[in-house]
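The following paragraphs lead the reader through one structure. Please keep the sequence and the structure in view while reading.

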Amino acid sequence: SDSPNWIAVNSKGTIALSHNKKDCILMFDKDGNFVRKFGSYGKGPGELFTPVGLAFLNDDELLVVDDNNCRIQQFNVQTGNFVKSFGKEGTGDGEFSRPQGIFINDEGHVIVVDFFNNRIQVLDKDSKFMFKFGNDDRGDLFAPYGCIYHKNKFIVSDSGNHCLKVFDKSG
């Protein structure tokens, strides 16, 4: 494939790969054998416009960052069926501007890298806004791309500032 982007692996070894040029998700088994493709170009439910970051909620549910549609979509990976989406374009809480990375922490919180809003947003397991950080006098992120949560700390790739930044659990 000519433009694979992000990958995620569940506890069974199932591999999800976002393909941002073909606006789809490709699924492979633990041995790397192709299983299914889902998603296609568009703005409707289950349609994608430049999918990027991926994160498994559990072995059967995958969150996909739908970059140009400024939302997160949830799919069942066994069927490829659309489950739900959340977020929309904007600068408010729970709104995104060209989101990129996504991560699920040990508490099931969804961490979204909100690229053009220069911030990280943390949502609860039901995708409701909890808090944000980075686009304020405490963090000053510029074009963040990825984020993980490790040992009670957020580690953010701050691409615009050419560095990694570490934040405590409250941002």
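A salt bridge is a side-chain nitrogen of Lys or Arg within 4 Å of a carboxyl oxygen of Asp or Glu. The model is a predicted one, in which local features need pLDDT of at least 70 and side-chain atom pairs count only at pLDDT 80 or more, while totals for chains, interfaces and linings use all residues. Residues are numbered from 1 along each chain as its sequence is written, and side-chain values use heavy atoms, with hydrogens and water left out.

A search of the whole structure finds seven salt bridges. In one of them, the side chains of arginine 98 and aspartate 67 meet at 2.5 Å, N to O. This pair links distant parts of the chain, since arginine 98 is in the loop between S8 and S9 and aspartate 67 in the loop between S6 and S7, 31 residues apart. Strands here are DSSP runs (E, at least two residues), numbered from the N terminus. Aspartate 67 has a relative accessible area of 2% and is therefore buried, whereas arginine 98, at 28%, is partly exposed; buried means under 20% relative accessible area, exposed over 50%, and partly exposed in between (1.4 Å probe, protein chains only).

A further salt bridge joins aspartate 93 to lysine 132, with the closest N and O atoms 2.7 Å apart. Because aspartate 93 lies in the loop between S8 and S9 and lysine 132 in strand S12, the pair ties together parts that are 39 residues apart in sequence. Arginine 119 and aspartate 114 also form a salt bridge (2.7 Å, N to O), and both of these residues are buried.

Attention now turns to the nonpolar interior. A nonpolar core is a set of buried Ala, Val, Leu, Ile, Met, Phe, Trp, Tyr and Cys residues joined through side-chain atoms within 4.5 Å. The largest such core has 25 residues, of which Ile25, Leu54, Leu62, Ile72 and Ile102 touch the most other members. Strands that each supply at least two residues of this core include S1 (4-9), S9 (102-104) and S10 (110-114). A second, separate core of eleven residues includes Ile120, Cys147, Tyr149 and Phe154.

S9 and S10 are paired over three bridges, and isoleucine 104 stands opposite valine 110 in S10.

Notes:
Helix = DSSP H or I, 4+ residues; strand = E, 2+ residues; numbered from the N terminus. Pairing = 2+ DSSP bridges.
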